[in-house]
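Look at the structure first, then read on.

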Amino acid sequence: MKKIIQRLITFLVGVPLVVGVIFFLPQKNHLVFNIAVLVFCLLAAVEFRNILAQKNLELRLCEALFLGGAGPLAWTLAVSFGLSPMVIPGAITLGALWILISHALGGPDKLEKYLHRCTAGFAVLIYPGLFMGWIIQMMKLPQGGMVVIFYLLTVFLNDSNAWLSGILFGKNSRGRVAASPVKSLAGFIGGIFASVVVAFGGIYIFPEIFTSSFLPAPLSALILGLASGAAVILGDLSESALKRSAGVKDSGTLVMGRGGALDSIDSAALCAPVYYFLYLLLF
């Protein structure tokens, strides 16, 4: 019961806070929001680094911060300060170069762990920052703030309805996925249903933002809701697989009722590129 109350408080406080930042601080393509995404990526990168360390995939703290923040920082510079979009692949390439050369010139003790360090480095460079950067990219779309709000509703309501549906109807359909045995088929269906409802809400409440390009609007909404809803669930399961493989229950304790920063953005990270590219294609 305590965890349920904590999750409710986090949802009821966190969602209005995020929406308020988007609505009332739109300067420089929502710079404040973009910085918040960057900060969460840095925190999540450190937590991911700690998870990897459980399997002897070691990475220094300063490297985790540099690699985890390279992509989101570059995206923020491009979106909010008008730098060339090439700064984004440039930052990723710089991070990859550092991973490859930073320990290659060391002695035998460093070479022995070279493969492990490279594996950890590339993992932190990609996840979650390279995925979360697409949220910042959404802010460059026409009425990007509203697009991001609907994207966040797609993620948050999916997560909440999956949790509620699992509690109410999922007792007999659990244990289907080894990465998260407590998750149920009923929860997955409930989560995807919530994402579809949000997508349909978009085309009917804000048709000027969700104007279908070549398909009937309801079909476009259905595709967006189903695909992004599935991505939300797969994002959660992917992070659960990482933690279970490392023998870790939560990535951290930063967010009340949810665990760490990585626990809080796992679904959002995987959904971000899916939502962005489908929105471009369909609307």
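Helices H8 and H10 are oblique to each other. In this predicted model, H8 covers residues 144-169 and H10 covers residues 217-246. Their axes come within 10 Å and cross at roughly 60°. The crossing of H8 and H10 is right-handed. On the H8 side, Thr154, Val155 and Asn158 make the contact. On the H10 side, Ser228, Gly229, Val232 and Ile233 take part. Sorted by class, the contact of H8 with H10 has 3 nonpolar residues, 4 polar ones and no charged ones.

Now take another helix pair. How do H3 and H7 run, roughly parallel or roughly perpendicular to each other? They are roughly parallel. H3 spans residues 61-81 and H7 spans residues 129-138. H3 passes H7 in a right-handed crossing. H3 brings Gly68, Pro72, Trp75, Thr76 and Val79 to the contact. H7 brings Gly129, Leu130, Gly133, Trp134, Ile136 and Gln137. The contact of H3 with H7 holds 6 nonpolar and 5 polar residues, and no charged ones.

Next, the cysteines. A disulfide is a covalent bond between the sulfur atoms of two cysteines. How many disulfides does a search of the whole structure find? The search finds 0. The table gives the sulfur distances for two cysteines.

| Cysteine | Closest cysteine sulfur | Distance |
|---|---|---|
| Cys62 | Cys118 | 15 Å |
| Cys271 | Cys41 | 15 Å |

A disulfide needs sulfur atoms within 2.5 Å. The sulfur of Cys62 is therefore too far from that of Cys118 for a bond. The sulfur of Cys271 is likewise too far from that of Cys41. Is Cys271 buried or exposed? Cys271 is buried, with a relative accessible area of 0%.

Last, a loop residue. Where does Lys113 lie? Lys113 sits in the loop between helix H5 (108-112) and helix H6 (114-126). Lys113 counts as partly exposed because its relative accessibility is 39%. Lys113 and Asn56 are 57 residues apart in sequence. In space, their C-alpha atoms are 9.1 Å apart.

Notes
Residues are numbered from 1 along each chain as its sequence is written. This is a predicted model: local features need pLDDT of at least 70, side-chain atom pairs count only at pLDDT 80 or more; totals for chains, interfaces and linings use all residues. Side-chain values use heavy atoms; hydrogens and water are left out. Buried means under 20% relative accessible area, exposed over 50%, partly exposed in between (1.4 Å probe, protein chains only). Axes are lines fitted to C-alpha atoms, for helices over the stretch in contact, and angles run from 0 to 180 degrees between N-to-C directions. Helices (H or I, at least four residues) and strands (E, at least two) are DSSP runs, numbered from the N terminus. Angles under 35 degrees count as roughly parallel, over 145 as roughly antiparallel, 65 to 115 as roughly perpendicular and the rest as oblique. A crossing is left-handed if the near helix is turned anticlockwise from the far one by less than a right angle, and right-handed if clockwise. Contact means heavy atoms within 4.5 Å. Ala, Val, Leu, Ile, Met, Phe, Trp, Tyr, Cys and Pro count as nonpolar, Asp, Glu, Lys and Arg as charged, and the others, Gly among them, as polar.
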